[in-house]
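Subject: Handover of the structure, with notes

Dear colleague,

Here is the structure that I am passing on to you, followed by notes on what was found in it. Please read the notes with the model open beside them.

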Amino acid sequence: MSLRGQDRLLSRQADTERENAKPLTVSAAFAIQPVMNNARFRRSLLLAIVGLLLVATSAIASPCDLIKAKPDDWAKGQVNALVLAAHAWYERDSAERAYDLVIDRIASTVRKCALADDKNFRDRYPQFLDLVTTLALARRPDHELGFTVTDETYFAETRQYVEIPGFLLTPTFLRAVSRYETLPQAKAMLGQMNATRSSADQLIFFSYESRHLGTPDNPNSFRRLLIVVPGNADQRIPEKWVQFGVTDPGVRPRTRNVSVVAAVPGPDSTTNTYFKDYFRTYDRTGAITIKGRWELGEGDDNCASCHKSGILPIFPVAGSVIRDELPLVEKVNERFLNYARPRFDKYLDATKLGPGLGSNVLQLSSNQSVQCSECHHPNKLGSLNWPMDRTIISSYIKGGQMPYGFQLTSIERARLYRRLVQDYFAIDEAKPGVLKSWLLGKSRSLANQ
């Protein structure tokens, strides 16, 4: 049969079926009447309707209601996400964006759901709320320093502490300190200043090469001239560590940064630390002007991420300090040890950042163990907590400066560093790390037992 013949046959069959078809009621179509008479079906239908209503209610319930109903489930998930993101950023600069998104998302939920005002949640997770709130502040464009007040307010209120002394701003000195080739002239000027100063007011200065970080304006610039300007604790006059970035020999683009870290005696034998970065501007006429990095609109950095101890000790690249100045390195580091119990005044409560790296005891060998928090705690050198700088931590440990007094091989130091980082950022449920344990309150509950 041809295709056209098949089509005609199928058409006649369809016409016949339509003629013989009877009207179909709803009840007949679904055979619903006999089934509705079944008691078991009626119970099943009722349960199904109740289930659908419960599902609909859950769907209608706000995400905030669900979080408050099961705070532990949400908090554990967010803590894991936060710790993982922090660890990734610590290890890789490229992970910063992902970390920022995690902090923004968690902080947004905390704010929208008013979790800080929810007594049940606040009582269960105070550390989590404190850390998230503190980290979220640093995400705001007007809080780049990471403090509780805006950058503008911070610099206005701390101006008296972080100004560069006028005797370091003369045109002759600024020209001499800007290049490695003229650095001896700058040191000669500082020596002349000391000739007119009392023994207690002597400037301590030396040049060196940093083993840690470049300057904010040039990450490849490591040469520095450090000048410690003594203060007066009785008169609450700040002691200032003024550090000029020095342009490398033969390099045409000049290093611009000048940093000031000031130490001021605080109440209860504490030491408040204040920070400011300045940039030099080199005019074609040879004039050099200097102004705050923030005032120039060139941003700023989170101070506490590097300065956990307030002022940092100086560990120069070996051979970068001339022989006559080597005793001065020891002298300034001894001064650093006298800055007891570092604080950031009212601008940051470092205890909200939690315990630090090395809070747990790590066994190095059968007869040797280490615990960084023996020295790095709030009442001594400050905790090495998040956020922290990978370059500084790695350099101090692998370079032999930490842990102090331990004689370890380079392999042992590398192993110790890996273990310290892993112990801090671990999210294993059975054996959580320092950060996760603290965020979930486990360290607190253990301490209360």
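Helices and strands are DSSP runs numbered from the N terminus, where a helix is a run of H or I of at least four residues and a strand is a run of E of at least two. The model is a predicted one, in which local features need pLDDT of at least 70 and side-chain atom pairs count only at pLDDT 80 or more, while totals for chains, interfaces and linings use all residues. Residues are numbered from 1 along each chain as its sequence is written, and side-chain values use heavy atoms, with hydrogens and water left out.

**The chain as a whole**

On that basis the secondary structure of the protein chain amounts to 18 helices and nine strands. Of the 449 residues in the protein chain, 43% are buried, where buried stands for under 20% relative accessible area, exposed for over 50%, and partly exposed for what lies in between (1.4 Å probe, protein chains only). The accessible surface of the protein chain is about 24,900 Å², and 54% of that surface belongs to carbon and sulfur atoms; such areas come from the Shrake-Rupley method with a 1.4 Å probe, and for residues only the protein chains shown count as cover. If one takes the contacts (heavy atoms within 4.5 Å) between residues at least 6 apart in sequence, 61% of them join residues at least 24 apart.

**Helix packing**

For the helix pairs, axes are lines fitted to C-alpha atoms over the stretch in contact, and angles run from 0 to 180 degrees between N-to-C directions. Angles under 35 degrees count as roughly parallel, those over 145 as roughly antiparallel, those from 65 to 115 as roughly perpendicular, and the rest as oblique.

Helix H15 (residues 390-398) packs against helix H16 (residues 410-425) at an angle of about 140 degrees, with the axes 9 Å apart, and the two are therefore oblique to each other. On the H15 side the contact involves Arg-390, Ile-393, Ser-394, Ile-397 and Lys-398, and on the H16 side Arg-413, Ala-414, Leu-416, Tyr-417 and Leu-420. These residues divide into six nonpolar, one polar and three charged, where Ala, Val, Leu, Ile, Met, Phe, Trp, Tyr, Cys and Pro count as nonpolar, Asp, Glu, Lys and Arg as charged, and the others, Gly among them, as polar.

H16 also packs with helix H6 (residues 71-91), at an angle of about 155 degrees and with the axes 10 Å apart, which makes H6 roughly antiparallel to H16. Here Val-83, Ala-86, His-87, Tyr-90 and Glu-91 of H6 meet Tyr-417, Val-421, Gln-422 and Phe-425 of H16, a set of six nonpolar, two polar and one charged.

The axes of H7 and helix H9 (residues 126-137) come within 10 Å and cross at roughly 120 degrees, and H7 and H9 are therefore oblique to each other, in a left-handed crossing. Tyr-99, Ile-103, Ile-106, Ala-107 and Val-110 of H7 are in contact with Phe-128, Leu-129, Val-132, Leu-135 and Ala-136 of H9, and the residues of this contact comprise 10 nonpolar, no polar and no charged.

**Backbone points to check**

Most residues other than glycine have a negative phi, and most peptide bonds are trans. Ala-114, in the loop between helix H7 (96-112) and helix H8 (119-124), has a positive phi near 50 degrees and is partly exposed at 29% relative accessible area. Arg-341, in the loop between helix H14 (326-337) and strand S7 (342-343), likewise has a positive phi, of about 50 degrees, and at 25% relative accessibility counts as partly exposed. A cis peptide bond, with omega about 5 degrees, joins Trp-386 and Pro-387, and Pro-387 sits in the loop between strand S9 (368-370) and H15.

**Two loop residues**

Tyr-125, in the loop between H8 and H9, is buried at 5% relative accessibility and touches Pro-71, Asp-72, Ala-75, Leu-439 and Leu-440, with residues up to four places away in sequence not counted. Glu-181, in the loop between helix H12 (171-177) and helix H13 (183-194), is partly exposed at 45%, and its C-alpha lies 6.5 Å from that of Pro-249, 68 residues away in sequence.

Note on methods
A crossing is left-handed if the near helix is turned anticlockwise from the far one by less than a right angle, and right-handed if clockwise.
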